[in-house]
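Please open the model in your viewer and keep the selection tool at hand.

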Amino acid sequence: MHVPVMVSECLEYLAIRPEGVYLDATAGLGGHTGAIAARLTTGLVIANDRDPESLELAKSNTAQWADRIRYQQGSFADLRTTLDASGVDRVDGLLADLGVSRYQLTDPERGFSLMADGPLDMRMDRGQTTTAEEIVNFSSEKELADLIYRLGEERRSRRISRAIVRARPIHTTQRLSRVIEEVVPRTGKLHPATLTFMALRLAVNDEQGQLDRLLALAPDVVQSGGRIAIVSFMSLEDRKVKHSFQALSQAGRATILTRHVVRPAPEEAKNNPPSRSARLRAVEMR
């Protein structure tokens, strides 16, 4: 079961109106989509996700509100096409939760998890070609080290990259995690391979590039008075969102609603541990 993060806070900052039109740019398994749809009467929520398999599960999970939801598969770069396909020009609110769904993390065949053995895949859309296995086995040692440091903010990237290159070929998640653990012993709760796996996932799915496209497109698809709320889980992403919102404010295009980043309430952090690193920021378009 996937538990959506900071649902009440997201709904509050989106200021849901029963007749409004909303875009859940990262529908995942439908947690936030369903919460928005439940507040609508004559309104509409567009559920978008680049992972077609997750989107099918979202359809099932939100079936009771299907008359208020339009499901569209596509990346952030395709948001204009997504809206056009739903007959919508602009929306009253846009929500993006940049986290990985529990389904993706727990299905070994998807290759996201270092705890369950599976192929080194990590593609959110399995229609794309590049996989984590390709990056791990064919990147140069320097390219790997730079990628792990830049996207995973892993300070031991050189040591890890050297070990990966020496251990090639590597085809499974468990093999990769063991190779890393051999050169970076576990010292706390965080598995030594966690940041490397995160960096590979970000690279495979071009998540930083996708976020850049979302931040560039969002102001043009949200109408005046509409709101944008983005939940991130990494400082790398949060910085991008923060700087983008500040630029919109300085240009007179938006009002920042979250003077300080919003974090999960202590009770949620306790009951849903994956939410602990979540950060929410929101703006209202002028």
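The tour below begins with a sheet and ends with a pair of helices.

This is a predicted model, in which local features need pLDDT of at least 70 and side-chain atom pairs count only at pLDDT 80 or more, while totals for chains, interfaces and linings use all residues. Residues are numbered from 1 along each chain as its sequence is written, and side-chain values use heavy atoms, with hydrogens and water left out.

Start with the open sheet, whose seven strands follow the order 3-2-1-4-5-7-6 with mixed pairing; helices (H or I, at least four residues) and strands (E, at least two) are DSSP runs numbered from the N terminus, and two strands pair if DSSP finds at least two bridges between them. At the edges, select strand 3 (69-73) and strand 6 (254-256), each of which pairs on one side only.

Next, select residues 21-24 and 44-49, which are strand 1 and strand 2, running parallel and joined by four bridges. Within this pair, Tyr22 has Val45 of strand 2 as its bridge partner.

Finally, select helix 7 (residues 141-152) and helix 10 (residues 194-204), whose axes come within 8 Å and cross at roughly 95°; axes are lines fitted to C-alpha atoms, for helices over the stretch in contact, and angles run from 0 to 180 degrees between N-to-C directions. Helix 7 and helix 10 are therefore roughly perpendicular to each other, a term that covers 65 to 115 degrees. Among the residues that meet here are Leu147 and Ile148 in helix 7 and Leu195 and Met198 in helix 10.

Technical notes. Angles under 35 degrees count as roughly parallel, over 145 as roughly antiparallel, 65 to 115 as roughly perpendicular and the rest as oblique. Contact means heavy atoms within 4.5 Å.
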